[in-house]
Amino acid sequence: MNGQSRKIDKEAADSKPAGTEASAQEAFASYAAPLVSDAIEFANAVREDASPEALHKLRVSLRRLRSLWWAFEPLLDKAENMRHRALYKFLATAAGKTRDWDILIELIAHEEGVAHEMAPKLQEARSDALATSRETLSNADVKHLLREALSGAAKELNTAHERVPLRKFAEKRVSDSERSLKKRMKRASRAKRSNYPSFHDVRKAGKKLRYLLEFFEPVLKGGRKRALKRLKQIQKRFGALNDIVASEMLLRDNMALLAGSGDVDAVLHWFRKERKRLMRSAAGLLRKL
């Protein structure tokens, strides 16, 4: 760890984001530094740990970083902010390529009689994806990139002349995220059942809002437990739908690879049935919320 990184981590430890007197600029590092440390730790773990859990933790930590940079977007240089968020997305996608195979394997394993003959080919594809994920993350030098992003953003905020009260800033960004979610929920509720992208947008907006509430809840006015409960419902139901849709697409994209390893058509038929069922379930939840 270099001197600048140690300084940022010390500032983060000394900051008190739950305090009403803190400014958003001062509080940033206290939110960002632990997330950066976690992401670096998980990226290192993936080198040795091939388990689905290790990849899942890395992808989630990178998504949380991306949401935090979105939250602080109004206070940061727009171009740099976009670059950093694109970086987090790229790294999460690198981890996600293997994670997608894990989800497909898990879904099929839970259904008796559904393509157990495919298991060896699926595991082989998963191993190839893991090798690619590891190579991409290693070549990217995750530790350096993330610490550089943290250092640059913290320096920009610490040298800014204007100071925005943390509570006021957090309320505004959460409100912006809530409006975005409501807009997407309204659009999805009016969309045709075959319009999966509109449902996917709800899931992404809900996840972003959930992360923001988890970041800022200590400084927000009023309790947000009810909102978090609703967001967890959205994430669970829409997440299950996303897993089915993504797995079906992954299977279709690798038909040649899986040829002769089982009844792929039967598996695809099962995925179609599950997709329709979960689309109905997601639409039903939208009507209730």
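**Overall make-up**

The model is predicted, and its protein chain comes to 10 helices and zero strands, so that the order of elements from the N terminus on reads α-α-α-α-α-α-α-α-α-α. Of the 289 residues in the protein chain, 47% are buried.

| Pair | Angle between axes | Axes apart | Residues of the contact |
|---|---|---|---|
| Helix 7 (residues 166-190) and helix 8 (residues 196-216) | about 160° | 9 Å | 14 nonpolar, four polar, six charged |
| Helix 2 and helix 6 (residues 142-158) | about 180° | 10 Å | 13 nonpolar, three polar, two charged |

On the side of helix 2 the contact is made by Gln25, Phe28, Ala32, Ala33, Val36, Ser37, Ala39, Ile40 and Ala43, while helix 6 brings Val142, Lys143, Leu146, Arg147, Leu150, Ala153, Ala154, Leu157 and Asn158. These residues of helix 2 and helix 6 divide into 13 nonpolar, three polar and two charged.

Helix 7 has 25 residues and reaches 36 Å from its first C-alpha to its last, close to the 36 Å expected at 1.5 Å a residue. Its buried residues are Leu166, Phe169, Ala170, Arg173, Val174, Asp176, Ser177, Leu181, Met185 and Ala188, a list that holds the charged residues Arg173 and Asp176. What covers the buried residues of helix 7 includes helix 2 (24-48), helix 3 (52-71), helix 8, helix 9 (225-253) and helix 10 (264-288).

Helix 3 has 20 residues, which should span 28 Å at 1.5 Å a residue, and its end C-alpha atoms are 29 Å apart, in agreement with that value. The buried residues of helix 3 are Ala54, Leu55, Leu58, Arg59, Ser61, Leu62, Leu65, Ser67, Leu68, Trp69, Trp70 and Ala71. Their cover includes helix 2, helix 4 (78-109), helix 5 (119-140), helix 6, helix 7 and helix 8.

**Two residues in the loops**

Aspartate 141 lies in the loop between helix 5 and helix 6, and it has a positive phi of about 55° although it is not a glycine. Most residues other than glycine have a negative phi. The relative accessible area of aspartate 141 is 40%, and this residue is therefore partly exposed, since that class runs between the limits of 20% and 50%.

Alanine 160 is found in the loop between helix 6 and helix 7, and at 29% relative accessibility this residue, too, counts as partly exposed. Alanine 160 and glutamine 25 are 135 residues apart in sequence, yet their C-alpha atoms are 7.9 Å apart in space. Glutamine 25 also belongs to the residues of helix 2 that make the contact with helix 6.

Methods. Residues numbered from 1 in each chain as written. Predicted model: local features only at pLDDT ≥ 70, side-chain atom pairs only at ≥ 80, totals over all residues. Heavy atoms only, no water. Axes fitted to C-alpha atoms, helices over the stretch in contact; angles between N-to-C directions. Expected span 1.5 Å × (residues − 1). Buried < 20%, exposed > 50% of the residue type's maximum accessible area, 1.4 Å probe, protein only. Contact = heavy atoms within 4.5 Å.
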